[in-house]
Amino acid sequence: MADERSSPDAVFRIVIRADIQRVWRELTKTDEAQGAVFNAWLHTTGLVPGGHMQMRTGSGKHTLVVGEVLEVDPPHRFVHSHRFTQYDDPVCQVAYELKAVAAGVEVTMRVSGMPAGTRTAKSMQQGGPTILTSLKAIAETGRPPMGTRLMYAAFGLLELVLP
């Protein structure tokens, strides 16, 4: 997916003290908000290659991300295309890899094919660490960090001004 106009892959990694199935569920659940992914709801036609997906606000009125499921190998690998709906940027790809390690689960998030110099590239570079830090907190304690919870409360208020 990468070409000469793409930024280098962004790779983020964290070790989470939790069961691999717990971490997998947090990344793929559709029955409640994904606290690790900016409290958005995953809507999909199926977690199978070719399944269409959207990340929507809590009310469901606004779609933040659209994509397609590219690979699914539970509970080890989930890959999807990714395009922010508010930007007119090309699609990139997000891959989550989960590996059991002595301390729990090593999670690697790789974003590839990010269009260089775009808001998408900047957002993904900034969002990756937040997603993994929140994922770790949720899997280990049941809730995101306090700062993230405050940010999500602000998101709820700001939804009123989204197009």
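Mentor: Happy to. Helices (H or I, at least four residues) and strands (E, at least two) are DSSP runs, numbered from the N terminus. This is a predicted model: local features need pLDDT of at least 70, side-chain atom pairs count only at pLDDT 80 or more, and totals for chains, interfaces and linings use all residues. Residues are numbered from 1 along each chain as its sequence is written, and side-chain values use heavy atoms, with hydrogens and water left out.

Let us begin with the loop between β4 (63-73) and β5 (77-84), where Pro75 is placed. The peptide bond leading from Pro74 to Pro75 is cis, and its omega is near -10°.

Now step back to the fold. The protein chain has three helices and seven strands, and from the N terminus on its elements follow the order β-α-β-β-β-β-β-β-α-α.

The seven strands make an open sheet, ordered β1-β7-β6-β5-β4-β3-β2, with antiparallel pairing; two strands pair if DSSP finds at least two bridges between them. At the edges are β1 (10-16) and β2, each of which pairs on one side only. From one strand to the next, the twist averages 25°; axes here are lines fitted to C-alpha atoms, for helices over the stretch in contact, and angles run from 0 to 180 degrees between N-to-C directions. In general, strands of a sheet pair through backbone hydrogen bonds, either parallel or antiparallel.

Helices come next. α1 lies across β1, β2, β4, β5, β6 (92-101) and β7 (104-112), running at about 165° to β6; contact means heavy atoms within 4.5 Å. Helix α2 (residues 119-141) also packs on the sheet, where it touches β1, β5, β6 and β7, and its direction makes about 10° with that of β1.

Phe38 has a positive phi of about 55° although it is not a glycine. Asn39 lies in the loop between α1 and β2 as well, and its phi, near 60°, is again a positive value in a residue other than glycine. With relative accessibilities of 27% for Phe38 and 33% for Asn39, both count as partly exposed. By the cut-offs used, buried means under 20% relative accessible area, exposed over 50%, and partly exposed in between (1.4 Å probe, protein chains only).

Finally, the aromatic rings. A search of the whole structure finds three aromatic pairs; rings of Phe, Tyr and Trp (its six-membered ring) pair if their centres lie within 6.5 Å, with planes under 30 degrees apart counted as stacked, over 60 as edge-to-face and the rest as tilted. Phe78 and Tyr96 are stacked because their ring centres are 6.4 Å apart and their planes at 10°. This pair links distant parts of the chain, with Phe78 in strand β5 and Tyr96 in strand β6, 18 residues apart. Phe78 is buried at 2% relative accessibility, and Tyr96 is buried at 5%. Together with Trp24, Phe78 and Tyr96 form one aromatic cluster.
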